[in-house]
Amino acid sequence: MSYINAFLVGGAICAVGQVLIDKTKLTPARILVLFVVSGVLLTALGIYQKLVDFAGAGATIPLTGFGYNLAKGVFNEVDQTGLTGALTGGFKAAAAGLGAVITFGYIMSVVAKPKAKR
């Protein structure tokens, strides 16, 4: 049943993104930011943890899950080190993911050789 829950929740998150792309004039970059910020806000309100408990990877893999991971890292670090944890917690929690994204972006820029518009 956990696979079905993950599929349904992850699919619903992706469907929301597709509707935003198709029906609004929002750019994909703004939609990505909207998803990350939504994950942070829903985590701060205590809602996203319930979704993660229900759907597992279906809630943690999409970009809203990245926002959840950032917020969770900040909350944990603030509990351990105090107010300075608000500045460092997100970086510590998301360091592996950010490193992978940066590495992938660099590799794709070398492989694809995009032409910059001037």
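The model is predicted. Helix α2 spans residues 28-44, and its buried residues line one face of the helix. The structure holds one aromatic pair, formed by tyrosine 48 and tyrosine 68.

**Helix α2: length and end**

- With 17 residues, α2 reaches 24 Å from its first C-alpha to its last, close to the 24 Å expected at 1.5 Å a residue.
- Glycine 46 follows α2 and has a positive phi, near 85°.

- Ile31, Phe35, Val36, Gly39 and Thr43 are the buried residues of α2.
- Seen down the helix axis, the buried residues of α2 fall within an arc of 135°, so they line one face.
- An α-helix has 3.6 residues a turn, so residues three or four places apart point the same way.
- Arg30, Val33, Leu41 and Ala44 are exposed on the other side of α2.
- The cover over the buried residues of α2 includes α1 (2-23), α3 and α5.

**The aromatic pair**

- The rings of tyrosine 48 and tyrosine 68 are tilted, with 5.4 Å centre to centre and 40° between the planes.
- Tyrosine 48 lies in helix α3 (residues 48-55) and tyrosine 68 in helix α5 (residues 63-81), so the pair links distant parts of the chain, 20 residues apart.
- Tyrosine 48 has a relative accessible area of 2% and is buried.
- Tyrosine 68 also counts as buried, at 7% relative accessibility, because the cut-off for buried is under 20%.

How values were computed
Residues numbered from 1 in each chain as written. Predicted model: local features only at pLDDT ≥ 70, side-chain atom pairs only at ≥ 80, totals over all residues. Heavy atoms only, no water. Phe/Tyr/Trp six-rings, centres within 6.5 Å; stacked < 30°, edge-to-face > 60°. Helix = DSSP H or I, 4+ residues; strand = E, 2+ residues; numbered from the N terminus. Buried < 20%, exposed > 50% of the residue type's maximum accessible area, 1.4 Å probe, protein only. Expected span 1.5 Å × (residues − 1). Arc of directions from axis to C-beta. Contact = heavy atoms within 4.5 Å.
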